[in-house]
Structure formats: C-alpha cells, structure tokens
Amino acid sequence: MDELSRELDEYREQIDQLDTDLVACLFRRFQVANKIAEVKHKVDAPVNQPHRATVVERHYIELGEQFGISADFLQDLYRLIHAESCRVQERPTFQSHRER
Ligand SMILES: O=C(O)C(=O)C[C@]1(C(=O)O)C=C[C@@H](O)C=C1
C-alpha cells in the first residue's frame, strides 16, 4: 500500500468514528426528547412547539457561524432532527435497541 492510500484509510477511519459519535449523540438526543415527551404528556402540552423549534434552529445557525458550517445545511439538518424528535415523542413507549 502506498503512502497516499494509507493516509486515505486513516482519514476514512476517522470519518467512520465521527459518524459513530454523531449517531450516538443523536441517540442521546432522542432519549432526552423522550423524557420531554413524558413531561408534556403529564401537563397535556403539544409535542410540536414551533416557537421553541425556531429558537433551537437559530442556535444551530449560530453554531454554524462559529464553526463555518453552512446555515442552509444546518437548517435542513435541524428540520430532519426536529421531525424525528416529534415522531419519537408521539410514540408513548419509545425504546431504543440499546435499552431492550
Ligand atoms: O423543546 C422541546 O419542547 C422539545 O420537545 C425539543 C424539540 C427538538 O427536538 O428540538 C422537539 C419538539 C419541539 O417542537 C421543539 C423542540
């Protein structure tokens, strides 16, 4: 294996590890969303809270400015995460594979 393909392999290992971290972070976020759902259920509050979602979306955009990541990309990303967070919260007994 030449030097360049060794370098490429190393970077790809880093990408794979970072993707694992990303998914693990998402997993933790959905666990917290599930806890939020329990509280909302107790006080009969709606899962989807557009004002709060706008605040969170702004936070993503601010982070994007700090890190130099495109606002459009982060908006799209948060919209996907938010949709999944709402879906998770609508499921009363959300459990991940790890908890089973
Ligand atoms: O802050 C909340 O109330 C949440 O449930 C979290 C969250 C999110 O995942 O970002 C999900 C649903 C709401 O519409 C707003 C934000």
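Guide: Let's take a few labels and set each against its cut-off.
Guide: The model is predicted, so to speak with care: local features need pLDDT of at least 70, side-chain atom pairs count only at pLDDT 80 or more, and totals for chains, interfaces and linings use all residues. Residues are numbered from 1 along each chain as its sequence is written.

Visitor: Why are helix 1 and helix 3 called oblique to each other?
Guide: Their axes, which are lines fitted to C-alpha atoms over the stretch in contact, with angles from 0 to 180 degrees between N-to-C directions, cross at roughly 50 degrees and come within 9 Å. Under 35 degrees counts as roughly parallel, over 145 as roughly antiparallel, 65 to 115 as roughly perpendicular, and the rest as oblique. Helix 1 and helix 3 are therefore oblique.

Visitor: Which residues make that contact?
Guide: Helix 1 brings F30, A33, N34, I36 and A37, while helix 3 brings S85, V88 and Q89; contact here puts C-beta atoms, placed from the backbone, within 7 Å. By class that's five nonpolar, three polar and no charged.

Visitor: Where does D44 sit, and what is its phi near?
Guide: D44 is in the loop between helix 1 and helix 2, and its phi is near 55 degrees, a positive value in a residue other than glycine. Most residues other than glycine have a negative phi.

Note on methods. Helix = DSSP H or I, 4+ residues; strand = E, 2+ residues; numbered from the N terminus. Contact = placed C-beta atoms within 7 Å. Nonpolar A, V, L, I, M, F, W, Y, C, P; charged D, E, K, R; others polar.
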